[in-house]
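Biologist: Could you walk me through this one? I'd like to talk about the sheets, the aromatic rings and the cores.

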Amino acid sequence: MKYLLKKAAAVLSAAGLLLTAGLTVPQQTMQASAASQTITNDCFWKDTSGKFIYSQGGGIFKFGDTYYWYGVHYSGAETYAKNPTGKNSDTGFKSITCYSSKDLVNWKFENDVLTPKSKGFGFAYWLGRMGVAYCPKSKKYVLVTQYNDSVLFAQCDTPTGNFEVKNVQDQIEGVQKQGTGDQTVFVDDDGQAYLIASNKGGRAHQYVCRLRPNDFLAAEKAVEVKKGSGREGNCMFKYKNKYYFCASDLHGWNASHSYYMVADNINGPYSDWKVMEGTDMDFSHVTQTGFFYTVKGSKQETVIFCGDRWSDFAGNGLGYNQWVPLTVNGNNVKFNSLSEWNLDAQTGEWSVGAGNNYVLNPSFEADRVSQSTLAGWKASGSGCGNANGARTGRWCGQLYSGSNFSGSQSQAITLPNGTYTLKAYYKTSGMNSGKIYISGYGGNEKSVDVKAKTDNWKEITISDIQVTNGKCTVGFEAAGSGGAWLKVDDFTLIGNGQPVQPPEPVKYTDGKYITGLSVSDTANAASWSVVTEPKQQGSEVFGDRAFKFTSMPKTLDGAEWIQTACDSKKFAGNEATFKAGADISAFVALDTRVTVPAWLGDWTKTADTLTDDGDPQVTYQLWKKDFTAGQTVTLGEINQSGCVNYAVAVTEKQVLTVTGDINADGICDKTDLVMMRDYLLTTGTLTPEQGVIADINADGKLNAVDLTLLKRILLK
């Protein structure tokens, strides 16, 4: 029988590092151990008997050595799981389910602990956002849930038994309006339970409500911890004695950024709201904040983000429960958007799964509504957007316009080196041109032509993608006549468990001033070189072009050169680094058609230019910066087409002496006049070097004549 979450069986080739479109997952030294289990998202989970898990809007609580997961079983969840192609609005309450686990991965169904037939239940047009806590004083298990516009409290002697309703609280003192606007149950380390909630209507007030300590069967007066921003999906976790109050945007059943604020005390004061890093590219893996569980393992603590994907009511993809690990560092929280990862509940360690899909928002479900720019994807040209009629879920990517168009949508991905397979689905009315492709992975672009008309979803596969530079770009592009369309859906980019070693770095000859050259653009590294002989008019500009310099400023007489590759202009990232072999002046000759990149911000623009014999002829502006011996010089990116790359020259440090600048601060001013006067009055001292500069008439003597000349310089 295939469980929803199967035991990890292979050593993870990608374990330890995930960098996806700017998302950084810190180094995990652990590989998938024998005790490690695999959590697989983007599917409908099943319990150990092979039946669907129905548990939405709930929480995990550990009693003894066993984890118990409680959530709501809605009628519409069954309907959607059977045919996940259209949303429904059937929030009919069937039960609160209870599942148990020893490893947080494999879950056994225990009981429907609360149903419409439970003692004291009554009638519910809405029930949800619930949790269970053990009350040490009453020695009872207490279930707390939203119940219509009120809060219901039920009680049981065991965590898996039949709970009985004991109280329905219509109003919590201090909370605006009746009931709560989304809530969860949080249990602190001392066993005290709290409701984490907002107000109904607007939801611009966030509260911490302690449950009555003697029995947990009522909420005491609420403490308002923040106001001003509408939030739902309110929940909390604790990590290393800090409290993290979390919530989502007011997007209803749809996906959202995840927000958090931090405090040292559960009642605050809390920091301002921050967007959880890593939730932008796919809106929290197409979820909203549901609840958290902090695994306190023998080696580390890991916070699990348990996101609610309300796909039954939003139609936004497969599965209801999407769990990912967080990286928490003080006031910084990062969301690691993974489709598959390994968890060892004993040690608390986790790692990226071998079957992880590195494409974010791969099914285009994150955006909720029709958009022209999609989360995680870069649009270019015309006709970009999403559309209904997806292969799975509600949305797919689309290129379409009522008039002639040409456009593309792409995603830049950073990932471990290895061998990968890209898959996607498409259908089209017929295009003038169209392709699904992968590029920038360290080899030539691979693509599949998708211009021919196809009425049904068709799968494409691009195999044997050997990533050697830790990144790639996937995308689709098309050009068509007015009314034509291309739809794509369900991208996957998954490793094959075959690590690929990057090519051996090119070794370059050291010069006197240029040493240890290292080129990051491995695809064009062979065209780079260190040229120790001075260049002049007629010398080649690049290692991969025949262009020659037609003018050269005297500033570069005797310079050593780094002959770059012109094609490195398209490289995304720093192109190269080298170390200064002495105190040097480094010069970058930049194509004047290029917008000056940020990394040249602290370089000095000189008055010098160079030209070449290209067609068209290129003029290069010379930029200068000094470095000390042994200092690393970084040559940044251009990352543009329609231009040429820069050239690099290095000379011994060029000291530009300003006449009369005795203190060598780059200007001649009153400070220098005071230094000379004090020296002549024998109340000050000058070094031999300063004495040479102070001898303005260069007669080998420092006297009143020099003082007079200096005054004239200052008076212009």
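Biologist: In what order do the four strands of the open sheet run, and is the pairing parallel or antiparallel?

Modeller: Bear in mind that this is a predicted model; in it the order is β4-β5-β6-β7, and the four strands pair in the antiparallel sense.

Biologist: Which strands stand at the edges?

Modeller: Those are β4 (56–63) and β7, and each has a single partner strand, so one side of each is left without a neighbour in the sheet. On average, neighbouring strands of this sheet are turned by 25° against each other, with direction ignored.

Biologist: How many bridges do β6 and β7 pair over?

Modeller: Five bridges, in the antiparallel sense, and in this region C98 stands opposite N111 in β7.

Biologist: And what does helix α1 touch when it packs on the sheet?

Modeller: Helix α1 (residues 75–82) touches β4, β5 and β6, and its direction makes about 90° with that of β5.

Biologist: Switching to rings, how many aromatic pairs does the count come to?

Modeller: The count comes to 49 aromatic pairs. One of them joins W69 and W107 edge-to-face, at 5.3 Å centre to centre and with 65° between the planes.

Biologist: Where in the chain do W69 and W107 sit?

Modeller: W69 is in strand β5 (residues 66–74), whereas W107 is in the loop between β6 (93–101) and β7 (108–114), so the pair links distant parts of the chain, 38 residues apart. Both W69 and W107 are buried, and both belong to a cluster linked by ring pairs that also takes in W45, Y99, F109, F291 and W323.

Biologist: What about W253 and W310, how is that pair arranged?

Modeller: The W253 and W310 pair is tilted, with 5.1 Å centre to centre and 55° between the planes. Here too distant parts of the chain are linked, 57 residues apart, with W253 in the loop between β17 (242–248) and β18 (258–263) and W310 in the loop between β21 (301–308) and α3 (311–314).

Biologist: Is W310 buried or exposed?

Modeller: W310 counts as buried because its relative accessibility is 2%, and the cut-off for buried is under 20%. W253, by contrast, is partly exposed, with a relative accessible area of 32%.

Biologist: Which residues touch the most other members in the largest nonpolar core?

Modeller: Of its 54 residues, those are L104, W323, F491 and L493. There is also a second, separate core of 45 residues, with L127, Y141, V165 and C209 among them.

Biologist: Last one: which ring does the charged end of K435 sit over?

Modeller: The charged end of K435 sits over the ring of Y437, 5.3 Å from its centre, and K487 lies over the face of W485, at 5.3 Å from the ring centre.

Key. Residues are numbered from 1 along each chain as its sequence is written. This is a predicted model: local features need pLDDT of at least 70, side-chain atom pairs count only at pLDDT 80 or more; totals for chains, interfaces and linings use all residues. Side-chain values use heavy atoms; hydrogens and water are left out. Rings of Phe, Tyr and Trp (its six-membered ring) pair if their centres lie within 6.5 Å; planes under 30 degrees apart count as stacked, over 60 as edge-to-face and the rest as tilted. Helices (H or I, at least four residues) and strands (E, at least two) are DSSP runs, numbered from the N terminus. Buried means under 20% relative accessible area, exposed over 50%, partly exposed in between (1.4 Å probe, protein chains only). A charge sits over a ring if NZ of Lys or CZ of Arg is within 6 Å of the ring centre and within 35 degrees of the ring normal. A nonpolar core is a set of buried Ala, Val, Leu, Ile, Met, Phe, Trp, Tyr and Cys residues joined through side-chain atoms within 4.5 Å. Two strands pair if DSSP finds at least two bridges between them. Axes are lines fitted to C-alpha atoms, for helices over the stretch in contact, and angles run from 0 to 180 degrees between N-to-C directions. Contact means heavy atoms within 4.5 Å.
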